[in-house]
Structure formats: C-alpha cells, structure tokens
Amino acid sequence: MPIDPTLPYDDDNIFAKILRGEIPSTRIYEDEWAYAFPDINPQAKLHILVIPKGKYVSWDDFSARASVEEIAGFVRAVGHIAREHGLVEPGYRLLANVGAHGGQEVPHLHVHLFGGQPLGRMIA
Ligand code: 5GP
C-alpha cells in the first residue's frame with residue numbers, strides 16, 4: 001500500500017527500526033548522515049537502499065526541512081556508494097518514490113540505487 005507522504009513521520013516504520021537495529025540489515029555503508037543496505041527484494045543485480053539518519057518521510061519532506069549539512073551529507077553518501085561499487089563508468093540509476101503516484105511503500109526517505117546491468121527504460 002502506498003503511503004501518504006503528507007502525514008507526520010512514523011517512528012515505527014520499518015526503516016526506522018532498521019536504523020535502530022531492531023530489524024536486521026546488512027550494512028553496506030554508514031556515516032553521520034546516511035545508512036545503506038541491500039533491498040530485500042532486489043530489482044536489479046545491484047539494488048541498494050540509501051536512507052538519511054534523520055527522520056524524513058520522503059524526498060519532499062527532506063528537501064523542505066533538512067539542514068544544508070544533512071542534504072549535503074546524504075547526497076555525498078549516495079555518490080560515494082556508487083563510486084565504491086564501480087558504478088560510474090558503466091552507469092547506474094537513482095530513484096526516490098514519493099507518495100501514491102510514486103508507489104512509495106516505506107515512509108522514511110530512501111533512494112534506490114540500481115546498477116550492475118543495463119537498466120532499460122526509465123518508466124515501464
Ligand atoms: P518504495 O516502494 O517505498 O520506494 O520501496 C521500498 C523498498 O523497501 C522496496 O523495494 C522493498 O523491497 C524494500 N523493503 C521493504 N521492507 C524491507 C526490509 O525489511 N528490509 C530491506 N532490506 N528492504 C525492505
């Protein structure tokens with residue numbers, strides 16, 4: 001079920017639990033601003049989720065409320081992870097779903113990082 005991105009942040013969402021270590025995940029990268037782990041249901045050879053440490057429902061919420069430091073730290077973390085995985089030369093795709101039309105299912109901002117294969121059309 002898609003989430004309503006206009007609702008307040010829900011501390012019990014699944015990615016909040018992953019950040020608190022209450023639900024297991026495999027850490028791919030972590031710093032002050034971001035945490036990255038594999039998607040449980042990968043849609044490409046490489047499918048990484050990158051989430052901010054702060055409590056933001058969606059890209060919309062993050063872009064409106066996050067500090068300059070949080071935004072810079074998060075964006076730099078995503079780029080760093082892609083470089084670490086050798087994805088720049090072959091290329092990769094970033095995706096952030098927002099709300100019903102975007103198909104967002106988890107109400108904590110996450111960027112999907114896809115790579116490791118040609119990714120086809122942007123929208124099926
Ligand atoms: P959305 O549709 O909200 O953009 O994407 C949510 C993503 O979270 C989906 O690709 C889904 O497979 C992934 N996901 C949902 N629950 C879990 C979980 O408990 N662990 C991990 N690693 N990924 C999850």
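This note goes through the strands, the salt bridges and a surface patch of a predicted model.

1. Strand pairing. Strand S1 (residues 29-30) runs antiparallel to S2, and two bridges link them. The two strands form a hairpin, with three residues between them. Within this pairing, Tyr 29 is found opposite Ala 36 of S2.

2. The S2 strand. S2 also pairs with strand S3 (residues 46-52), again in the antiparallel sense, over five bridges. Here Pro 38 faces Ile 48 of S3. S2 (residues 34-38) is mostly covered, with four of its five residues buried.

3. A salt bridge across the sequence. The whole structure holds five salt bridges. One of them joins the side chains of Asp 11 and Lys 55, at 3.0 Å from N to O. Asp 11 lies in the segment before helix H1 (14-19) and Lys 55 in the loop between S3 and H2, so this pair ties together parts 44 residues apart in sequence. Asp 11 is partly exposed at 36%, and Lys 55 is partly exposed at 48% relative accessibility.

4. Other salt bridges. Glu 22 meets Arg 20 at 2.7 Å, N to O. Glu 22 is partly exposed, at 49% relative accessible area, as is Arg 20 at 41%. Glu 30 meets Arg 27 at 3.1 Å, N to O. Salt bridges with shared partners join Arg 27, Glu 30 and Lys 53 into one network. Arg 27 counts as exposed because its relative accessibility is 56%, and exposed means over 50%.

5. Nonpolar surface. Trp 59, Val 75 and Val 98 make a nonpolar surface patch of about 240 Å². Trp 59 belongs to helix H2 (residues 59-65) and is partly exposed at 37% relative accessibility.

Note on methods
Residues are numbered from 1 along each chain as its sequence is written. This is a predicted model: local features need pLDDT of at least 70, side-chain atom pairs count only at pLDDT 80 or more; totals for chains, interfaces and linings use all residues. Side-chain values use heavy atoms; hydrogens and water are left out. Buried means under 20% relative accessible area, exposed over 50%, partly exposed in between (1.4 Å probe, protein chains only). Two strands pair if DSSP finds at least two bridges between them. Patches are made of residues with over 30% relative accessible area and no salt bridge: like charges are joined within 9 Å, nonpolar side chains (Val, Leu, Ile, Met, Phe, Trp, Tyr) within 5 Å. Accessible areas come from the Shrake-Rupley method with a 1.4 Å probe; for residues, only the protein chains shown count as cover. A salt bridge is a side-chain nitrogen of Lys or Arg within 4 Å of a carboxyl oxygen of Asp or Glu.
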